[in-house]
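Please look over the sequence and coordinates before reading on.

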Amino acid sequence: MTIIKAIDLNINLFYSENLKNFLKNFFGIDVLGMRFDDDSFTAVTKKDNIVQRRNRGSPKSPKIGESKNEGFFFIGSVFKGNADENFHNVDVLTIKNQSNIKSLLKKYNGKNIGIEFLVSDVKYCNNHELGKWFYNMKWIYEMCKKYDFQFILSSGANMYCELISSKIFNTLLKKSDIDNKKYWSDLNIWLERKKRAGIFYDTS
Amino acid sequence: MTLAKKKFRYACIYLQNNDGLIYSNFLSDFYNRLIELCGSIDFHKTNVRIIDVDTVSKKFLVIKCKLDYVDNVLLSMYFTNYPVLILPISGTIKQLKKRVREFSSYEDFLMGI
């Protein structure tokens, strides 16, 4: 039997064991995706449930003499509505503007890129925009399936109050008419595949 | 005809600073969100109530609602414009108190973020 893990791939807070334990025990989040300053990732003891995120353009390979124990990481970028921009070699694309998204999906059809939406982007929206966002999630999810992209919903938390529990994730998915079991299962499989085909493995 | 027993759930939120103003502003914002997001009929069906629980600090706000509508309550709480942390839903007051006690060990750490 495979264990389905709850995953939040975009948490913009400083990593600490306390944060990891809190999210695991209180919010039921098993895998965290975070950005790390230069060498801070090497201090993380258990890297299994941590996904290191890097922005596109950051150096992919370590410098000579630098530790190679970097674990697995994602290259991320932000889509702001311009489908002509080049997003090759990107693992996760964070969508900040939903216009032209269909052109983007068609252009990168079959590249297996993660299309990520941040809940923190809509937390302070008015009810009309929020309702529209819920409506859009469903058709974008269907489009992602059609064009072989992985739909990802992340908290994008910049403050502790923006952190989301697995229960709230499930509620958001339910309200968007997305089957949460299928969503988590697909995301787990996609993440495992990315790890297997990953750029770096921890050699320690 | 027998009436099925109504099941309730307890949602607990952590308010960073609980002075009276934040409390009342949060509540008004939360109710508005709930009404506008889910409609006034569902709002009344939710049967949402603020309850006072002994031994639970005033930094926490306990909200009781019907089980069937707990999703609406959770979403409306999350989408309010206040820095609040939503603790896991509890089925009983006893469980809620346990959660609040467990949360206290992380309180200082979270305030430092």
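What covers the buried residues of helix 4 of chain A? The cover includes strand 7 (150-154) and helix 5 (180-196) of chain A, together with helix 3 and strand 4 of chain B. The model is predicted, and the predictor gives the complex an ipTM of 0.90 and a pTM of 0.89.

**Helix 4 of chain A**
- This helix spans residues 166-175, and its buried residues are I168(A), F169(A), T171(A), L172(A) and L173(A).
- D177(A), which follows the helix, has a positive phi, near 60°.

**Packing against helix 3 of chain B**
- The axes of helix 4 of chain A and helix 3 of chain B come within 10 Å and cross at roughly 105°.
- Because angles of 65 to 115 degrees count as roughly perpendicular, the two helices are described that way.
- From helix 4 of chain A, K167(A), I168(A), T171(A), K174(A) and K175(A) meet D71(B), L74(B), L75(B) and Y78(B) of helix 3 of chain B.
- By class, the residues of this helix-helix contact are four nonpolar, one polar and four charged.

**The contact between the chains**
- Chain A gives 17 residues to the contact and chain B gives 20.
- On the side of chain B that touches chain A, the elements giving two or more residues are helix 1 (20-38), helix 3 (70-78), strand 4 (84-86) and helix 4 (93-111) of chain B.
- That side of chain B has 17 nonpolar, one polar and two charged residues.

**Confidence in chain B**
- Chain B has a mean pLDDT of 88, with 94% of its residues at 70 or more.
- Within chain B, confidence is highest in helix 3, at a mean of 95, and lowest in helix 4, at 87.

Key
Residues numbered from 1 in each chain as written. Chains lettered and ligands numbered in written order. Predicted model: local features only at pLDDT ≥ 70, side-chain atom pairs only at ≥ 80, totals over all residues. Contact = placed C-beta atoms within 7 Å. Helix = DSSP H or I, 4+ residues; strand = E, 2+ residues; numbered from the N terminus. Nonpolar A, V, L, I, M, F, W, Y, C, P; charged D, E, K, R; others polar. pLDDT = per-residue confidence, 0-100. Buried ≥ 20, exposed ≤ 12 C-beta atoms within 10 Å, placed from the backbone. Axes fitted to C-alpha atoms, helices over the stretch in contact; angles between N-to-C directions. Parallel < 35°, antiparallel > 145°, perpendicular 65-115°, else oblique.
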